[in-house]
Amino acid sequence: MFFRSKSLIGIDIGSHSIKMVELSRSGGGFKLVRFAYAPLPPEAIVQGSFMNAPAISDVIRDAYAEGGFKAKDVAASVSGHSVIVKRISLPSQSEDELAETIRWEAEQYIPFDINEVHLDYQILQEATLDDQMDVLLVAAKKDLVDDYTSVIAEAGLNLAVMDVDAFALGNMYECNYDIDPDSAVAIVNIGASVININVVTNQVPIFTRDITSGGTQYTEEVQKSLGISFEEAEQIKIGGGANETATDVVPQEVEDAMREVSETLVGEIQRSLEFYRATTSDVPIQKVALCGGSAHVPGLDRLFEERIEVGFEMVDPLARIDIASSVDEEQVRELGPALGVAIGLGTRRADES
Ligand SMILES: Nc1ncnc2c1ncn2[C@@H]1O[C@H](COP(=O)(O)OP(=O)(O)OP(=O)(O)O)[C@@H](O)[C@H]1O
Ligand SMILES: [Mg+2]
């Protein structure tokens with residue numbers, strides 16, 4: 001009774017689609033007990049901004065009903081330029097002192113007015129020899145958090161946990177894979193409009209970077225090469241994948257256009273990892289772990305394997321998560337890597353902050 005936690009719905013509001021999951025504890029791990037996936041209308045979210053909030057709320061409300069959800073509390077996450085995650089070093093002090101000084105200390109690390117952000121922090125390492133302590137600082141612009149709160153409220157739900165994509169991905173990874181504590185993993189999430197790169201060590205993001213590119217770029221290049229509509233190009237892009245009946249009709253132009261975008265994206269990701277090595281930390285990156293809906297792009301995995309000097313692995317966000325019989329397992333498996341953020345959010349509990 002005392003340890004019964006309220007159930008919580010993890011909801012990933014992506015620019016392409018909404019993913020909702022509810023996990024329950026199962027033995028030492030988790031079980032997926034409810035699930036819903038729903039595409040968003042185009043232009044509902046543009047460059048991370050909610051351009052059509054009522055449409056987003058409608059899609060959430062419908063997905064909630066379709067997935068048979070009952071809980072009201074949700075966990076959502078933000079990323080992008082309005083979010084800052086930084087590991088900082090401060091003079092050692094008690095938790096009470098830190099609670100008082102953190103706003104002042106944070107000010108110099110945050111490129112926004114301190115009054116316009118929600119601030120959170122976590123002590124990573126108590127005082128070391130030089131009387132310094134390491135603190136993980138998280139700041140998110142209030143505007144952005146307010147947008148999420150109201151879109152979720154309009155759908156009849158309550159935003160109980162506000163997370164950051166990077167942490168959600170770290171949590172998802174941690175509950176599915178064994179982690180070497182002495183090295184870092186670069187979790188690369190390629191969605192429709194953004195690529196999140198999160199270098200995580202011991203569950204803590206030590207480097208995060210967003211690149212405003214992703215699956216949409218493939219679709220646009222296919223569109224250009226064949227002179228067709230965006231919707232048609234999207235169909236061809238997705239159909240040209242593992243689906244055997246479609247592979248033989250993919251024109252060479254499409255393959256070339258796709259390949260070129262993959263080359264560009266992998267190049268940008270490599271540059272970010274080099275930047276990490278040059279500026280951020282000596283902790284070596286052990287491997288790149290790829291997720292996001294665009295991880296499905298044919299040949300992208302092979303290109304990573306060729307180009308990345310470290311290990312590579314395709315993330316299965318459900319590798320160690322059971323799936324309840326009430327959930328459409330085939331749909332969930334097919335979406336696979338696209339569910340990384342949602343699963344990470346689902347591992348949070350309603351009674352934690
Ligand atoms: N089989 C497939 N082959 C190629 N691309 C695919 C496939 N399935 C999905 N995608 C692409 O993945 C993208 C959607 O991925 P995801 O669900 O991770 O994005 P999102 O979270 O909604 O968006 P974002 O996080 O970028 O705002 C779309 O561009 C879609 O076309
Ligand atoms: Mg996404």
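Glycine 10 has alanine 75, in strand β6, as its bridge partner, and this contact belongs to the parallel pairing of strand β1 (residues 9-13) with β6, which runs over 2 bridges. On another side of the pairing pattern, β6 and strand β10 (residues 158-164) pair in the parallel sense over 6 bridges, and there aspartate 73 has asparagine 158 of β10 as its bridge partner. Two strands are said to pair if DSSP finds at least two bridges between them, while strands (E, at least two residues) and helices (H or I, at least four residues) are DSSP runs numbered from the N terminus. Strand β6 (residues 73-78) is largely enclosed by the rest of the structure, because 5 of its 6 residues are buried. A residue is called buried if 20 or more other C-beta atoms lie within 10 Å of its own, exposed if 12 or fewer do, and partly exposed in between, with the C-beta atoms placed from the backbone.

The model is a predicted one, in which local features need pLDDT of at least 70 and side-chain atom pairs count only at pLDDT 80 or more, whereas totals for chains, interfaces and linings use all residues. Residues are numbered from 1 along each chain as its sequence is written, and chains are lettered from A and ligands numbered from 1 in the order in which they are written.

Ligand 1 is surrounded by 21 residues, of which the closest are Gly14, His16, Gly191, Gly215 and Gly293; a residue counts as near the ligand if its C-beta atom, placed from the backbone, lies within 6 Å of it. The elements that contribute two or more residues to this shell are α5 (215-226) and α6 (230-239), and the largest share, 3 residues, comes from α6. By residue class, the shell holds 5 nonpolar, 14 polar and 2 charged residues, where Ala, Val, Leu, Ile, Met, Phe, Trp, Tyr, Cys and Pro count as nonpolar, Asp, Glu, Lys and Arg as charged, and the others, Gly among them, as polar. Because domain 1 (1-82 + 143-177 + 315-353) and domain 3 (180-314) both give residues to the shell, ligand 1 lies between them; the domain bounds come from an automatic or database domain assignment.

Helix α5 has 12 residues and reaches 17 Å from its first C-alpha to its last, close to the 16 Å expected at 1.5 Å a residue, the expected span being 1.5 Å times one less than the number of residues. Its buried residues are Gly215, Thr216, Gln217, Tyr218, Thr219, Glu221 and Val222, and what covers them includes β11 (184-190), α6 and α8 (252-279). After α5 comes glycine 227, whose phi is positive, near 60°.

| Residue | Phi | Loop |
|---|---|---|
| Glutamate 43 | about 75° | between β3 (29-39) and β4 (45-46) |
| Glutamine 47 | about 50° | between β4 and β5 (49-50) |

Glutamate 43 counts as exposed because it has 10 C-beta neighbours inside 10 Å, and glutamine 47 is exposed with 11 other C-beta atoms within 10 Å. Arginine 34, in strand β3, is buried, with 21 other C-beta atoms within 10 Å. Leaving aside residues up to four places away in sequence, arginine 34 touches Glu22, Gly67, Gly68, Phe69 and Val327, contact meaning that the two C-beta atoms, placed from the backbone, lie within 7 Å.
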